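Keep the sequence and the model side by side as you read.

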Amino acid sequence: MMAIAVNLLRRYTPVRLRRAVGEVRTARKKARLFGALAPLVPAVNDMFDGPGSLEEFKANGDEFLRIYRDRCGLRADERMLDVGSGIGRKTIPLTQYLSPAASYEGIDVNAKGIDWCAKAITPRFPNFRFQQIDVRNALYNPLGTCAPSEYRFPFADGSFTFITLGSVFTHMMPAEVEHYLSEINRVLGAGRCLISYFLLNDESRRLINGGKSTVDFARPDQQWATTSPERPEDAIAFDEDYVTGLYRRLGLKIVRIDYGSWCGRANYLSYQDLIFAERIS
Ligand SMILES: C[S@@+](CC[C@H](N)C(=O)[O-])C[C@H]1O[C@@H](n2cnc3c(N)ncnc32)[C@H](O)[C@@H]1O
C-alpha cells in the first residue's frame, strides 16, 4: 500500500518540486560530510575528473591529506604546487592543514575545474591560487594551444618545496611526461615530489595478463601501454624502469615507491602507484 502511494506521489509530483527536494537533500549531505567547507564542494555532476559521489570526493581528499602529511612529511608552512589540480578534491582538506604562511598553487588544463576552485576556494583562502594553462590534452583540453612537451610552467626556478600530481601522468604521453618531469625538477627547490602512475613491472604485468587489473592495458610488455589506441590519453601506464631512469637522469632521488591496487594487488597503499622523490639542491 505504502509502496503504491510512494509511486503515485513520484509520478504526479511536479518535476520542479522533486528537484527542489533533491537539492535540499544534497545540501544536507554536503553539510554533514564537509561542515563549514561545504560551499567549496562542487556539484557531483561537475566532478569531471573522477569521483561519482560526494562520499568518494571526500574520501579521496582525506586519503591524500594523510599521505601528504604522514608519508611525505608535508609541513603546514610549505610552498606547494599541484599540477592537474582538477576541481579541488585533494585541495579542500589542505585548506584546513596549510597555514596562512604557506602557499598552494594549482594549475590545470581544464578551465571548468580552475574556474570553480578560483571562485569557491581563493576568496576564503587567499594563499590558495589557481591558473588555467592552455595546454593540450585529448581528454581534458583537446583544443589547447600549447603542446605539453613544450610548455614552460609559469613559475621561477626553485619556487616550491612540495609538488604533487595525482592521476595526471596516467593521461599523458611519454615525451610529455619527460618534459613535465624536467619542469618539475626546475621549479622544485630543495624539496619533494609525489606523483602517481600506473607502473608496469613483473607483478603488474602478470596481474594484467591474468585479467585481474581494473584497467585494461593492451600490450603491457611494451615501454608504455594504453587502454585505447584511438585516444591513448584515456589511460596510460609506463614501464617502471623507464620512469625511474627519467628520475635518475634528472638527479631526483626516489625515496619510496608505494604500489597501488589498480592492477589487482593484494597489498597496496592507494589506488595508483605513488613515487615519492626528493631533490637535494
Ligand atoms: C583524473 S584528473 C585528477 C585531478 C586531481 N589531480 C585529483 O586527483 O582530483 C586529471 C587532471 O589532470 C589534468 N591534466 C591533464 N593533462 C594535463 C596537463 N598537461 N597539465 C596539467 N594538467 C593536466 C586534467 O585536466 C584533470 O584535471
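**Around the ligand**

In this predicted model, 22 residues surround the ligand. The closest are Asp 49, Gly 84, Gly 86, Tyr 140 and Gly 166.

Now turn to the core. The largest nonpolar core has 64 residues. Ile 163, Tyr 197 and Ala 237 have the most contacts inside it. Take Ile 163 as an entry point. Leaving aside residues up to four places away in sequence, Ile 163 touches Leu 81, Val 83, Ile 184, Leu 188 and Cys 193.

Next come the strands. Strands of a sheet pair through backbone hydrogen bonds, and the pairing can be parallel or antiparallel. Begin with strand β1, residues 79-83. β1 pairs with β2 in the parallel sense, over five bridges. Val 83 has Ile 107 of β2 as its bridge partner. Val 83 is also one of the residues that Ile 163 touches.

Strand β2 spans residues 103-108. Is β2 largely enclosed or largely in the open? Five of its six residues are buried, so β2 is largely enclosed by the rest of the structure. β2 also runs parallel to strand β3, residues 128-132, and five bridges join the two. Here Asp 108 stands opposite Gln 132 in β3.

Move on to strand β4, residues 160-165. β4 and β5 run parallel and are joined by five bridges. Phe 162 finds its bridge partner in β5, at Arg 192. Strand β5 covers residues 188-197. Eight of its 10 residues are buried, so β5 too is largely enclosed by the rest of the structure. In a regular strand, side chains alternate between the two faces of the sheet.

There is also an open sheet of three strands. Its order is β6-β8-β7, and its pairing is mixed. The edge strands are β6 (199-200) and β7, each pairing on one side only. β6 runs parallel to strand β8, residues 236-239, through two bridges. In this pair, Leu 200 stands opposite Asp 239 in β8.

Now a helix. Helix α2 runs over residues 15-34 and has 20 residues. From first C-alpha to last, α2 reaches 28 Å, close to the 28 Å expected at 1.5 Å a residue. Why does α2 lie largely in the open? The number of buried residues among its 20 is one, so α2 lies largely in the open. Gly 35 follows α2, and its phi is positive, near 55 degrees.

Ser 167 is not a glycine, yet its phi is positive, near 60 degrees. Where is Ser 167 found? Look in the loop between β4 and α5 (174-187). A residue counts as buried with 20 or more C-beta neighbours within 10 Å, and as exposed with 12 or fewer. Ser 167 has 19 C-beta neighbours inside 10 Å, so it counts as partly exposed.

Arg 219 is the other residue. Its phi is positive, about 50 degrees, although Arg 219 is not a glycine. Arg 219 lies in the loop between α6 (202-209) and β7 (224-226). With 10 C-beta neighbours inside 10 Å, Arg 219 counts as exposed.

Terms used:
Residues numbered from 1 in each chain as written. Predicted model: local features only at pLDDT ≥ 70, side-chain atom pairs only at ≥ 80, totals over all residues. Near = placed C-beta within 6 Å. Core = buried A, V, L, I, M, F, W, Y, C linked by C-beta atoms within 7 Å. Contact = placed C-beta atoms within 7 Å. Helix = DSSP H or I, 4+ residues; strand = E, 2+ residues; numbered from the N terminus. Expected span 1.5 Å × (residues − 1). Pairing = 2+ DSSP bridges.
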